[in-house]
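I set out to record what I looked up in this structure, entry by entry. The entries begin with the terms and end with single residues.

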Amino acid sequence: KAVIMPCLIELGRASASVHKNIGEKIDKDCQLGIITTKEFFEQVKGDSNKIFSLSDPDEILRKIESTLSKGDSILIEGRINKEIASKIYEANLNIIKP
């Protein structure tokens, strides 16, 4: 139901299209997407109103709590800031670890 991830690095010329495809998939299949880094955020977001650029752990937790319901799942993809991960794990939410 939700994805939290940084933008991907080292994709070379494919970066813009890969990020656009990720954003389209998040918009189609999720209630919420949180991108924790700024690089390529605009490509990920596209026209979606469900994808946000947030890096503050407290802001991320508030967004999750205001958007998701008990029992919803969160996929944490890639390397995110340890403080962000700690806040989410401490909140005892349903986490899917790839």
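Predicted model: local features only at pLDDT ≥ 70, side-chain atom pairs only at ≥ 80, totals over all residues.

**Entry 1: overall layout.** I looked up the secondary structure of the chain and found four helices and five strands. Read from the N terminus on, the elements follow the order β-α-β-α-β-α-β-α-β. For overall dimensions, I took the box filled by the C-alpha atoms along the principal axes, which is roughly 40 × 25 × 25 Å. I then checked the radius of gyration: a compact globule with 98 residues would have a value near 13 Å, and the chain agrees, with 13 Å.

**Entry 2: strand β1.** Which residues of β1 are buried on each side? I found A2 and I4 buried on one side of this strand, residues 2-5, and V3 and M5 buried on the other, so that both faces are covered. I next looked up the pairing of β1. Strand β2 (residues 32-35) runs parallel to β1 and is joined to it by four bridges. Within β2, G33 is the bridge partner of V3.

**Entry 3: the loop between β2 and α2.** T36 lies in the loop between β2 and α2 (41-45). Is T36 buried or exposed? I read a relative accessible area of 13%, and T36 is therefore buried, the cut-off being under 20%. Leaving out residues up to four places away in sequence, I listed the contacts of T36 as I4, M5, P6, L54, S55, I60, I80 and I84. F40 belongs to the loop between β2 and α2 as well. I noted that its phi is near 65 degrees, a positive value in a residue other than glycine. With 30% relative accessibility, F40 counts as partly exposed.

**Entry 4: helix α4.** I looked up the buried residues of α4 (residues 82-90) and found I84, A85 and I88. Why do they lie on the same side of α4? They cover an arc of only 95 degrees around the axis, which places them on the same side of the helix. The general rule is that an α-helix has 3.6 residues a turn, so residues three or four places apart point the same way. The exposed residues K82 and E90 are on the face of α4 turned away from its buried side.

**Entry 5: K28.** I located K28 in helix α1. Its relative accessible area is 66%, so K28 is exposed. As a last item, I took the separation of the C-alpha atoms of K28 and E83, which is 28 Å for residues 55 apart along the chain.

Conventions:
Residues numbered from 1 in each chain as written. Heavy atoms only, no water. Buried < 20%, exposed > 50% of the residue type's maximum accessible area, 1.4 Å probe, protein only. Helix = DSSP H or I, 4+ residues; strand = E, 2+ residues; numbered from the N terminus. Pairing = 2+ DSSP bridges. Contact = heavy atoms within 4.5 Å. Rg over C-alpha atoms; globule rule 2.2 N^0.38 Å. Arc of directions from axis to C-beta.
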